[in-house]
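Colleague: I would like to go through the labels used for this model and hear the grounds for each.
Modeller: Go ahead; here are the sequence and the structure.

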Amino acid sequence: MNVNLTPKPINFKFGEYINKGFELLKKDFGGVFVGFLVTFLMSIIPLCGVLAMGNFYKYLRKLKNNQNPSAGEIFDFKDFMPYFILQLIIIGGVMVLYIPFIIFGGMAAITADANGDASPLFAILMFPYMFVMLFAIYYFLLKGFYIMPLISFKGITDIKTAWSISKVMTKGNLLNIFLFSFVIGILSQIGILACGIGLFLTMPFAYAANYFAFEDAIQQIEYDEITEIGIKEKY
């Protein structure tokens, strides 16, 4: 675990992240948009989509701090391995969740009547499992919400460690994170109304808002050694 981190439940500032996302877009829409386009292009490369997103958040941090980053920095493969492993875990998890569908499908074929109609057993088993599967997916996505900034901002390359820290950070905030992601998703999809082209205007906002959620969370768990020394001196 990074010695400069003190994992704790995050004070999730829903509205602040959205407002700051809009402010960053107003401040430098051109920079955010160019970075988004480069991220989109890099995402086309197999197994590089999550890495591109992680690098884009680094780019947005520099942009916010007026450090004049180059969009080419998004094509940085320094963090490739942790993100590659993360994607393999995600793919493996999804495959495991789909195994029951294959089993249920086989059972439906075996128990089908002469007309080829599936047995009611198929529906009885399938629909409850679909809810269980969706719950499992959302649970792990929400609990792992901070894995990406832990990798990109703090250099934590061990996925198990990043997952453990993220679980602590999201404690008591799953509903807030879910609602935040839902609202951001709705706002980012508004661009579809403009024949899809508008997505290139609204999607950058989703990344900007997420960036501020990530940045604030990391700041909340960073261990401030200078402040700690000052507190000790008072006593």
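Colleague: What separates E16 and K20 in helix α1?
Modeller: E16 and K20 are 4 residues apart in helix α1 (residues 14–27), so about one helical turn separates them. Helices (H or I, at least four residues) and strands (E, at least two) are DSSP runs, numbered from the N terminus. Before we go on: this is a predicted model, in which local features need pLDDT of at least 70 and side-chain atom pairs count only at pLDDT 80 or more, while totals for chains, interfaces and linings use all residues. Residues are numbered from 1 along each chain as its sequence is written, and side-chain values use heavy atoms, with hydrogens and water left out.

Colleague: Why is the contact of E16 with K20 called a salt bridge?
Modeller: The term requires a side-chain nitrogen of Lys or Arg within 4 Å of a carboxyl oxygen of Asp or Glu. The closest N and O atoms of E16 and K20 are 3.1 Å apart, so the pair is a salt bridge. The structure holds 7 salt bridges.

Colleague: What makes E16 and K20 partly exposed?
Modeller: Buried means under 20% relative accessible area, exposed over 50%, and partly exposed in between (1.4 Å probe, protein chains only). E16 has a relative accessible area of 29% and K20 has 36%, so both are partly exposed.

Colleague: How do you know that K58 and D79 form a salt bridge, and which parts does the pair tie together?
Modeller: The closest N and O atoms of K58 and D79 are 2.7 Å apart, and the pair forms a salt bridge. K58 lies in helix α3 (residues 49–64) and D79 in the loop between α3 and α4 (80–111), so the pair ties together parts that are 21 residues apart in sequence. Both K58 and D79 are buried.

Colleague: What does the salt bridge of E215 with K64 tie together?
Modeller: E215 and K64 have their closest N and O atoms 2.7 Å apart. E215 lies in helix α9 (residues 199–221) and K64 in helix α3, so this pair ties together parts that are 151 residues apart in sequence.

Colleague: What makes the nonpolar surface patch, and which elements give two or more residues to it?
Modeller: Patches are made of residues with over 30% relative accessible area and no salt bridge; like charges are joined within 9 Å, nonpolar side chains (Val, Leu, Ile, Met, Phe, Trp, Tyr) within 5 Å. The patch here is made by L134, Y138, L141, L175, F178, L179, F182 and I186, and covers about 790 Å². The elements giving two or more residues are α5 and α8 (174–188), and α8 gives the most, with 5 residues. Accessible areas come from the Shrake-Rupley method with a 1.4 Å probe; for residues, only the protein chains shown count as cover.

Colleague: How do you know that L134 and I186 are partly exposed?
Modeller: L134, found in helix α5 (residues 120–143), has 43% relative accessibility, so L134 counts as partly exposed. I186, in helix α8, has 48% and therefore also counts as partly exposed.

Colleague: Why do you say that the buried residues of α7 line one face of the helix?
Modeller: In α7 (residues 159–169), the residues I159, T161, A162, I165, S166 and M169 are buried. Seen down the axis of α7, they fall within an arc of 160°, so they line one face. The arc is that of the directions from the helix axis to the C-beta atoms.

Colleague: What is said of phi at N66 and N68?
Modeller: N66 is not a glycine, yet has a positive phi of about 60°; phi of N68, likewise a residue other than glycine, is near 50°. N66 is in the loop between α3 and α4, and N68 is placed in that loop too.

Colleague: Why are N66 and N68 called exposed?
Modeller: N66 has 54% relative accessibility, so N66 counts as exposed. N68, at 71%, therefore counts as exposed too.

Colleague: How many helices and strands does the protein chain have?
Modeller: The protein chain has 10 helices and 0 strands. Of its 235 residues, 39% are buried.
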